[in-house]
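Hi,

Here is the structure I promised to pass on.

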Amino acid sequence: MNIQINSLATDFNSIPIIDISPLVEKFDDANIHRDAGVCEVVTQLDKACREAGLFYLKGHGIPDSVLKEARDVIHEFFHMPLEEKIKIKLSMTTGCRGYQEVEENFTKGLPDVQEAIDFYKEFAYGMYGDMGKLLEGPNLWPSNPQNFEEVLKQYIDHCTVLSRKIMRGIALALGGSVDEFEGHIASNPFWVMRLIGYPMVSKQNGHAHTQSIGCGAHTDYGLLTLLNQDESISALEVMNKSGEWISVPPIHGTSICIIGDMLKILSNGLYEAALHRVINVSQQYRVSAVYFYEPNYDATIEPLDICVQKTGGIKKLGPAIYGEHLVSKVRNTFRF
Ligand SMILES: O=C(O)CCC(=O)C(=O)O
């Protein structure tokens, strides 16, 4: 089969919407691979991962109230005075966990017009040796708003469960067993949660200043990302094969799923990590909760045999150690 390693397989101009409810309901069924509803989802996942690398999920099972409550507490936090927010300020000594002010985060050397809080799955000191040192430490939860920690921890749990179900569908889509990503790949999946606030951009001569990039063009580092974005603001964009930026507006009741670098390697390039960015030219403050579902921290990621066979018998990507990949990206994100 002829595959393109560095670009998406087709020149899409609209984003797929996949109703994954059959997969969500049957993810644990021993006969999942024979279920007609699941097979239809798997076909759609395969197409979306090859052609767009980013798609909407319907029927994902996370209640609207949970998605909204998460966005509400994030809005509340970012609207507090700076003195309150910097009580959980991120630094080298906090395991790169905590709050960053606007333009303290860099993408490809340029400051992003966003403020954010980073959380990582906690792990024991020394557990991953030198590879884990930069990210060691407890998460910094703000005490204000009071329900912040509880709401976000509940949201993270929902995302972890849902991501595992989606990965089971993707395993089938690649022609593997439903458990393909368990074991040494993601039996103990790492996760990252980034909560972002995008200020309103300034207007010049009555027009928004379009150079205000909220989040510069990038691909995500891990397996897949689940994005919960404000419902009334269109700011996210994804690039298609022709190099055009396609808008990814919010659609009520859906979440967005984005394929990351590690899944690209595992699929030997059959699936592309979507290049995306955020430009908030609205006159509203925008928030997003970005959950990254990752391999085991110390997993060595290389193309699956089934994918190598489908793509001409040669490993075209990897290997990469996930934790090293993550740390190299985090190092380039901040100017400590
Ligand atoms: O805020 C968003 O919509 C996307 C943010 C994002 O792409 C990221 O943090 O990796």
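**What I found**

His218 stands opposite His276 in β15. This is a predicted model, where local features need pLDDT of at least 70 and side-chain atom pairs count only at pLDDT 80 or more, while totals for chains, interfaces and linings use all residues. Residues are numbered from 1 along each chain as its sequence is written.

β10 and β15 run antiparallel and are joined by 2 bridges (strands pair if DSSP finds at least two bridges between them). They belong to an open sheet of 4 strands, antiparallel in its pairing, in the order β10-β15-β12-β13. β10 (215-218) and β13 (245-247) are the edge strands, each pairing on one side only. Helices (H or I, at least four residues) and strands (E, at least two) are DSSP runs, numbered from the N terminus.

Now the ligand. Its shell includes Arg194, Cys215, Asp220, His276 and Ser288 (near means a C-beta atom, placed from the backbone, within 6 Å). Giving two or more residues each are β7 (191-198), β11 (224-229), β15 (276-278) and β16 (286-293).

Which residues of α2 meet α5? Val41, Val42, Leu45, Asp46 and Cys49 do, against Gly169, Ile170, Leu172 and Ala173 in α5 (contact: C-beta atoms, placed from the backbone, within 7 Å). The axes of α2 (residues 36-51) and α5 (residues 148-173) come within 8 Å and cross at roughly 80° (axes are lines fitted to C-alpha atoms, for helices over the stretch in contact, with angles from 0 to 180 degrees between N-to-C directions). The two helices are therefore roughly perpendicular (65 to 115 degrees).

Cheers

Notes: Parallel < 35°, antiparallel > 145°, perpendicular 65-115°, else oblique. Contact = placed C-beta atoms within 7 Å.
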